[in-house]
Amino acid sequence: MDFNLNEQQRMLQRAAKDFAVRSIKPRAAEIDASGQFPFKLAKEIGKRGYQGLPYPTEYGGSGAGYLSYALALEQLCQASMTVGAIMAINTVPEEALFRFGNEEQKKRLLSPLARGEKLGGIAFTEAETGSDPKAITTASKKSGDGYIINGQKQFVALAPAANLALVFARGEGKRLNAFIVDTSSQGYNLREPCQTMGLKGLGTSVVYLDDVRVPKENLLGEEGQGFDILREAISLGRLGAAVEGVAVAQAALDVAIDYAKQRKAMGRAMAKLPTIQWHLAEMVSRVEAARLLVYRTAFARDQGQDIKYESSLAKLFASRIAVEVTGMAMQVGGSYGTMTTMPLERLYRDAKMTEIYVGISEIQRNIIAERLIE
Ligand SMILES: Cc1cc2nc3c(=O)[nH]c(=O)nc-3n(C[C@H](O)[C@H](O)[C@H](O)COP(=O)(O)OP(=O)(O)OC[C@H]3O[C@@H](n4cnc5c(N)ncnc54)[C@H](O)[C@@H]3O)c2cc1C
């Protein structure tokens with residue numbers, strides 16, 4: 001792996017940073033406080049081409065690749081993890097379509113997502129399970145020229161804005177099917193929003209599917225292939241969550257450094273205190289190590305490699321250090337760090353989400369350990 005970014009990647013990184021600092025960061029606190037989905041920013045991300053970075057031009061993308069995707073996402077997440085997560089989640093149905101869709105599906109369904117004209121979510125989790133695909137009860141039955149889906153999904157992010165959802169439902173043979181469902185279909189109903197401690201404004205909601213009719217053209221892959229599709233697409237979701245972990249930790253480190261330089265303790269800048277310096281050094285070493293894992297995973301995907309193991313490794317580590325680093329930043333900030341006038345407490349709450357959503361850390365450890373002992 002070449003550790004130097006090429007000119008195109010550096011330009012993309014700079015442009016994403018400029019956009020994030022000017023247009024996203026000033027709104028981050030308000031999105032968090034109101035919990036309202038940022039519709040305009042979501043559109044803007046699409047218009048700027050951030051939703052299609054990994055995918056070829058014939059499917060609406062720019063072909064910049066997965067490392068470029070990670071670089072841009074990192075900048076957006078540093079400004080607001082919620083806004084960055086909109087980009088990361090949309091990539092999950094995109095990846096499913098790219099890897100398992102037929103040519104017609106890629107043109108019809110992937111292209112508008114990659115061009116940013118439409119937004120896609122994923123509906124896997126249910127009241128009884130977020131970790132065990134065997135416990136999914138949402139059911140799909142063949143009917144006429146398509147399928148009818150019935151069930152309830154929990155924690156569906158982007159729900160108020162998504163035009164399409166990658167829905168997992170049990171087939172009549174009991175294996176999982178994956179469908180791309182048009183969210184304007186009759187019977188696809190948003191219920192109450194889920195009030196989570198972090199990632200506020202992500203539109204995370206309960207969705208009911210009551211006799212939702214899906215044309216057979218929207219079945220992804222073969223019947224019963226849903227679990228394979230989930231594992232493949234969610235590995236991109238895990239890469240995204242790992243990027244979020246790195247970004248939120250970096251954002252907290254930046255705030256902690258500024259604060260330590262400005263605040264006086266015992267007549268000198270707090271940054272001169274050995275305990276504060278210890279915190280800062282620990283923070284940066286963890287952020288840098290996690291970033292390398294994340295970039296390596298994205299690079300491997302650019303080489304066409306399977307990243308199920310690497311993305312679990314990256315997510316497990318990056319989410320853990322996100323919690324640790326934002327916690328240390330809070331410590332550096334003292335009581336001021338806990339105040340809502342500073343971004344640290346938001347970063348701390350957002351960091352915890354990366355250990356839970358897109359698969360809990362326990363599941364990542366299971367995946368990693370299985371590879372080690374196979
Ligand atoms: C903000 C947010 C957005 C989300 N967005 C989406 C989305 O868009 N689409 C979607 O489908 N879901 C989404 N989710 C759901 C999320 O991915 C799941 O909630 C998550 O994967 C955990 O599942 P669970 O809550 O059912 O936890 P459970 O599976 O009930 O696990 C709870 C705890 O039990 C233990 N445990 C469970 N299984 C095991 C195991 N096999 N080995 C060891 N310990 C275990 C662990 O300690 C774990 O932390 C979102 C969640 C949040 C909070």
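Predicted model: local features only at pLDDT ≥ 70, side-chain atom pairs only at ≥ 80, totals over all residues.

## First stop: the ligand

Domain 2 (121–223) and domain 3 (227–373) both contribute residues to the shell around the ligand, so the ligand lies between these two domains.

With the ligand selected, show the 25 residues around it, of which Phe-124, Thr-125, Gly-130, Ser-131 and Phe-155 come nearest. If you then colour by secondary structure, you can find β1 (120–123), β3 (146–156) and α10 (361–373), each of which supplies at least two residues of the shell. Colouring the shell by residue class gives 15 nonpolar, nine polar and one charged.

Now select Phe-155, one of the residues that come nearest to the ligand, which has its place in strand β3. Is Phe-155 buried or exposed? It has 21 C-beta neighbours inside 10 Å, and because 20 or more are enough for the label, Phe-155 counts as buried. Its backbone also deserves attention, as phi of Phe-155 is near 55 degrees, a positive value in a residue other than glycine.

## Second stop: the whole chain

Along its principal axes, the C-alpha trace spans about 80 × 45 × 45 Å.

Of the 374 residues, 52% count as buried. Among the contacts with a separation of 6 or more, 74% are accounted for by residues 24 or more positions apart.

Next, give each domain its own colour, using domain 1 (7–119), domain 2 (121–223) and domain 3 (227–373) as the bounds. The centres of domain 1 and domain 2, taken over C-alpha atoms, are separated by 22 Å. The contact takes 24 residues from domain 1 and 19 residues from domain 2.

By class, the domain 1 side divides into 17 nonpolar, five polar and two charged residues.

Hide everything except helix α3 (residues 66–79) and helix α7 (residues 274–302), which pack at an angle of about 145 degrees with their axes 7 Å apart. On the α3 side the contact is made by Tyr-66, Leu-67, Tyr-69 and Ala-70, while α7 brings Val-294, Tyr-295, Ala-298, Phe-299, Arg-301 and Asp-302. Sorted by class, this contact of α3 with α7 has eight nonpolar, no polar and two charged residues.

## Fifth stop: single residues

Bring the whole chain back and select Leu-199, which sits in the loop between β6 (188–193) and β7 (205–215). Although its place is in a loop, Leu-199 is buried, with 25 other C-beta atoms within 10 Å. Phi of Leu-199 is near 50 degrees, which is a positive value in a residue other than glycine.

Asp-306 is also found in a loop, between α7 and α8 (308–337). Asp-306 is exposed, with 12 other C-beta atoms within 10 Å. Draw a distance from its C-alpha to that of Ser-235, and you will find these residues 8.8 Å apart in space and 71 residues apart in sequence.

Which residues does Ala-351 touch, not counting residues up to four places away in sequence? They are Gly-245, Val-248, Ala-249, Ala-322, Val-323 and Thr-326. A distance drawn from Ala-351 to Trp-278, C-alpha to C-alpha, gives 21 Å in space, for two residues that are 73 residues apart in sequence.

Definitions and conventions. Residues numbered from 1 in each chain as written. Contact = placed C-beta atoms within 7 Å. Domains from an automatic or database assignment. Nonpolar A, V, L, I, M, F, W, Y, C, P; charged D, E, K, R; others polar. Near = placed C-beta within 6 Å. Helix = DSSP H or I, 4+ residues; strand = E, 2+ residues; numbered from the N terminus. Axes fitted to C-alpha atoms, helices over the stretch in contact; angles between N-to-C directions.
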